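Here are some friendly notes to read alongside the model. Take them one point at a time, and keep the structure open as you go.

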Amino acid sequence: MLPSYTTISSLNPASNAAISSEHTGRKPASEAPLLNLNELIEPPEVSISAWPELPKEAKYGLAWEIAEAATRDTEADPAAVLITAITYAGAALGRRCYTQIGNSKHHPRIFSLVLGQTARARKGTSADLVLQIARTIEDSLKLDSKPVPNVTHGSISSGEGLVYLVRDESDEKDDNGKAKYPAVEDKRLFLIDSEISGYFQGTKREGNSASQTVRTAWDGQPMKPITKRDRLTATGHHIGICGHITFKEFKTAVPNSETHNGGLNRFLFFVARRPKLVSLPRPTPEAETAKLVLKMRSAIEFATEEQPEGEITMESEAEIRYDEIYKIINTEAGSEDQEALGARDDAYVRRLALLFALLDMSPKIRVAHIEAAWGVVRFSRASIAYICDVVPQVNPLGDSILKALEEAPGKRLAKTKLINIVGKHHRPNINNELKRLNGNGKITIETEHTSGAPRQIFKLA
């Protein structure tokens with residue numbers, strides 16, 4: 001028996017009478033207002049942006065097969081499952097293979113944020129089948145005495161905690177003369193943080209090292225948080241992070257500094273919502289899950305054992321197509337926040353193309369891999385545009401600057417006076433915020449010549 005479900009497109013006031021009649025045998029009272037079932041799925045948002053549609057090019061390969069299997073008879077969002085599968089695969093495929101960008105080696109290392117309006121977006125259920133596949137692969141690799149990537153549910157509360165999960169052997173010894181903290185053998189890590197708002201809240205605290213550590217993890221560089229005790233380092237690590245957050249949490253928890261300091265643009269953004277109502281969700285058939293497990297394990301072994309360690313290059317046609325995409329990414333105009341959040345989109349196309357090639361067990365990056373990667377990045381860009389429209393960030397520093405200028409004589413202030421009003425503790429961030437406000441047309445910047453050095457005057461637009 002197939003599960004009972006209703007798609008969003010079929011849920012409208014005109015169809016409610018039929019639904020009521022079918023399930024209760026009673027006609028709704030003609031004078032009673034009809035229930036809008038769309039509001040049971042997701043409360044309405046006032047927005048000038050349409051909900052992003054996943055490009056057909058992103059529906060590619062093994063990652064999309066997992067998304068289709070996971071969402072056929074459940075309420076999970078296909079886009080959310082897709083990016084979760086991609087993030088896990090990127091971590092499990094390891095860092096033996098890379099794509100070369102200038103002097104930097106980029107491995108298939110993916111950070112992603114799944115954003116939903118409420119818990120009804122089913123962000124958490126998007127990980128269920130991916131985790132089931134990961135656990136089955138883990139068990140089979142252990143039986144074969146092979147290295148196993150670590151899969152962890154947890155919170156990125158501190159930089160030290162993240163380093164601990166992929167640590168090198170500590171210099172500190174225990175009472176028996178052995179390392180107090182032995183090295184982690186397999187430094188592949190897939191981390192799901194279902195409450196990643198806590199991480200963003202923590203970045204606001206002075207001395208919190210989490211943001212810098214996460215940025216370093218994405219770069220794949222050695223992580224060495226500065227601590228007074230139990231100093232740990234991590235080298236050769238390969239981490240994939242998938243975080244879940246609601247729109248409201250994103251608005252209140254994410255500091256503006258994360259938008260502009262490179263912290264947030266290391267993540268791909270995927271908005272998610274419940275696409276249909278399924279009263280009796282069914283698990284993915286065991287035979288289908290087993291096939292997906294076999295395909296994923298084969299791809300992991302290809303990337304970590306069979307394919308020679310080194311660069312995976314693009315075929316000539318793929319290079320031509322990437323050149324076209326690169327120009328689009330770097331010439332399309334968006335708001336300052338959109339451009340800041342998408343600043344690594346070109347690098348992500350390269351990383352994702354590498355990932356799709358490895359999942360296909362291909363020694364070359366083909367045009368199809370570039371197109372699939374561009375489809376994923378396009379959805380992230382559309383999600384960012386949607387978020388910037390409906391979820392403007394709370395920005396205490398920006399609000400304080402605008403208030404100070406509003407109350408100042410002539411609605412203008414010199415920089416030194418402005419810093420004194422908003423607080424000297426904002427000095428490290430004020431230049432970026434003034435630049436952002438100017439770019440958004442909220443303030444103007446003038447140069448005033450004095451007997452000494454010229455000074456900048458900031459004026460409310």
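In which sense do strand β2 and β10 pair, and over how many bridges? Strand β2 (residues 97-101) and β10 pair in the parallel sense, over two bridges.

1. First, some ground rules. This is a predicted model, in which local features need pLDDT of at least 70 and side-chain atom pairs count only at pLDDT 80 or more, while totals for chains, interfaces and linings use all residues. Residues are numbered from 1 along each chain as its sequence is written, and side-chain values use heavy atoms, with hydrogens and water left out.

2. Now back to the sheet that holds β2. Its order is β3-β2-β10, an open sheet of three strands with mixed pairing. At the edges stand β3 (104-106) and β10 (310-311); each has a single partner strand, so one side of each is left without a neighbour in the sheet. Strands here are DSSP runs of E with at least two residues, helices are runs of H or I with at least four, and both are numbered from the N terminus. Two strands pair if DSSP finds at least two bridges between them. Look for cysteine 97, which stands opposite glycine 310 in β10. Helix α14 (residues 345-359) lies across β2 and β3, running at about 150° to β2. Such angles run from 0 to 180 degrees between N-to-C directions, with axes fitted to C-alpha atoms, for helices over the stretch in contact.

3. Another open sheet has three strands in the order β11-β13-β12, and its pairing is antiparallel. Its edge strands, β11 (412-414) and β12 (443-448), each pair on one side only. From one strand to the next, the twist averages 25°. Three bridges join β11 to strand β13 (residues 455-460), and alanine 414 has isoleucine 457 in β13 as its bridge partner. Helix α18 (residues 427-439) packs on this sheet, touching β12 and β13, and its direction makes about 115° with that of β12. Contact means heavy atoms within 4.5 Å.

4. Is strand β8 (residues 268-272) enclosed or open? Five of its five residues are buried, so β8 is largely enclosed by the rest of the structure. Buried means under 20% relative accessible area, exposed over 50%, and partly exposed in between (1.4 Å probe, protein chains only). Leu268, Phe270 and Ala272 cover one side, and Phe269 and Val271 the other. Strand β4 (residues 111-116) pairs with β8 in the parallel sense over five bridges, and leucine 115 stands opposite valine 271.

5. A polar atom of the aspartate 193 side chain lies 3.0 Å from the backbone nitrogen of glutamate 195. Residues that aspartate 193 touches include Ser155, Tyr199 and His244.

6. Finally, check two loop residues. Serine 145, in the loop between α5 (128-143) and β5 (150-153), has a phi near 55°, a positive value in a residue other than glycine. Serine 145 counts as exposed, at 68% relative accessibility. Lysine 411 also has a phi near 55°; its place is in the loop between α16 (396-407) and β11. Lysine 411 is partly exposed, with a relative accessible area of 34%.

Notes
A polar contact is a pair of N or O atoms within 3.5 Å; within protein, one must be able to donate a hydrogen and the other to accept it, and residues adjacent in sequence count only if both atoms are side-chain atoms. Lists of a residue's contacts leave out its neighbours within four places in sequence.
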